[in-house]
Amino acid sequence: MEKRKTIGVLIGNIHTDHPQRIIEGLYQEYSKKAEVDVHIFMGSESAAFFKGNASKSADYDYQYLCLYDYSFFDQLDASIISIGSMSTLQKIPNKKNYIKKYEYVPSIILEDTIIPLKGSFIISNNYVGMYQNVTHLIEEHGYQNIVFLCGPRGNKDSDERFSAYKDCMVAHQLKVTPKMFEYGDYSEYVDEQVERLFERNKNIDAIVSANDEMTVAVYRVCEKKKLVVGRDIAVTGFDNMDVATFLRPPLTTIRQRSFYIGMSAARSTMDLLAGKDLDPQRISVEFISRNSCGCSLEREAAKEDEETSITNVADEMRKVLHRSMMGPFLIRELFQIAEDENLFFHEIAFVLSEMGARSSYLYLLPETIVNKDMDSWKLPDELHLAVRQEGKNIYSFDPSVAPIIKQNDGLFQMNEDDAQHIFFTYLLFDGPRQYGILSVEITPDELSFFYLMSLQIGTALHYLEMVKEQIESQEKLQE
């Protein structure tokens, strides 16, 4: 029987809406393609959450750039590289050169206009959407003192949106000076940048943000300054994520079709596997006017939808609260049984199974890598399978007989069924110490929860390492 094709997806910033919706689109489309397996390598960026609460030394997000290299252990036939989400906060000096190392297979590049060796790119029509947004503020509302909150420097989506803002202002004979824009990081924790915009610009009419998430900080600063959004000042975003409808007043924004980007990327990889040549794709966007820009669009029906949404959110929050308790319970259990390594890994697999993982693989490095920066990073030659879970069946392996996977051997090769598999892969680390990877077969709505679980497992692996060192020290003392 012909070997099933394998597609790798490299994507980052998975704690935010846009990448999550891309993944949902990918998952829905690939689920219809029984002839392919999919391995999604998911990075994240947590440093933004600790602004003001942790020092720079606590920022270990650079570790996630290592995760994508673990795809070399697989036998990929095509790949999707979401370079925009992979480099939101992480510095990749030359994205084109960075992508080259993954071009050994045909590739689809997302959120940039880089054309790979074989393949193409997919990006939203950022310029058109933002130009329409700024035009609305100027022509419909008469605003003139409009400032801009950029995304990260070098981010293609943000750069195109910023260009549209500047061009639209110039087209309407309005000046743009350096004091009228600030660079953020796409997170909601950009209060300092918003404050600087207010300090440097008097009597601001409107603040245009390169994405929706940063508008949370804009609303927060406006409230602090006793400014009512939609009345005293206009605020607009880009993406039309969930936060846009939950903000009060609801946010005027541009709908980015993230779900469709994911679907389109999945279809494009299937075309690549079929040997087709692809043209670059610009995905259309839609301007959505709500109250935050000064428009009055409230309807009774909207209030009913709002009540329904609030009920759904409350239900989801209860589920999240229940599941979030599993992390502390798991790590407490693992600490108690750390002296029995086989039982330790068996317990991890058991909890993953109980929490809904159809199957899971936990691979360990031969030795812990202390990775203090990306300059010293080197992908190890092999991985050791510590535990494998298939439904309720759990197979843990003593380190002396653990199956060894070398680069390009292929992950998950122990699957004996003929079913399609879509795996989500997380990096296991604790601070600078890197331990391996965890791959779980789940659905996209569970990826955030299992991301938190992977962080807990990384901490537990660090504790296991210390226990083993302590046991070895005791044995030496006894000798």
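1. On the H7 side, Asp191, Val194, Glu195 and Phe198 meet Ala217, Val218, Arg220, Val221, Cys222 and Lys224 of H8. Sorted by type, the residues of this contact come out as six nonpolar, four charged and no polar. Bear in mind that this is a predicted model.

2. Now the geometry of that pair. H7 covers residues 191-200 and H8 covers residues 215-224; their axes come within 9 Å and cross at roughly 55 degrees. That angle is why H7 counts as oblique to H8. As for handedness, H7 passes H8 in a right-handed crossing.

3. Staying with H8, have a look at Thr215, which sits in this helix. Is Thr215 buried or exposed? Its relative accessible area is 0%, so Thr215 is buried. Leaving aside residues up to four places away in sequence, Thr215 touches Ser209, Val235, Thr236, Gly237, Leu247 and Leu251.

4. Over to another helix. Ser353 belongs to H13, which runs over residues 341-354. Ser353 has 11% relative accessibility, and because the cut-off for buried is under 20%, Ser353 counts as buried too.

5. What does Ser353 touch, not counting residues up to four places away in sequence? The answer is Gln389, Gly391 and Lys392. For Glu390, the C-alpha to C-alpha distance from Ser353 is 8.1 Å, with the two residues 37 apart in sequence.

Technical notes: Residues are numbered from 1 along each chain as its sequence is written. This is a predicted model: local features need pLDDT of at least 70, side-chain atom pairs count only at pLDDT 80 or more; totals for chains, interfaces and linings use all residues. Side-chain values use heavy atoms; hydrogens and water are left out. Axes are lines fitted to C-alpha atoms, for helices over the stretch in contact, and angles run from 0 to 180 degrees between N-to-C directions. Helices (H or I, at least four residues) and strands (E, at least two) are DSSP runs, numbered from the N terminus. Angles under 35 degrees count as roughly parallel, over 145 as roughly antiparallel, 65 to 115 as roughly perpendicular and the rest as oblique. A crossing is left-handed if the near helix is turned anticlockwise from the far one by less than a right angle, and right-handed if clockwise. Contact means heavy atoms within 4.5 Å. Ala, Val, Leu, Ile, Met, Phe, Trp, Tyr, Cys and Pro count as nonpolar, Asp, Glu, Lys and Arg as charged, and the others, Gly among them, as polar. Buried means under 20% relative accessible area, exposed over 50%, partly exposed in between (1.4 Å probe, protein chains only).
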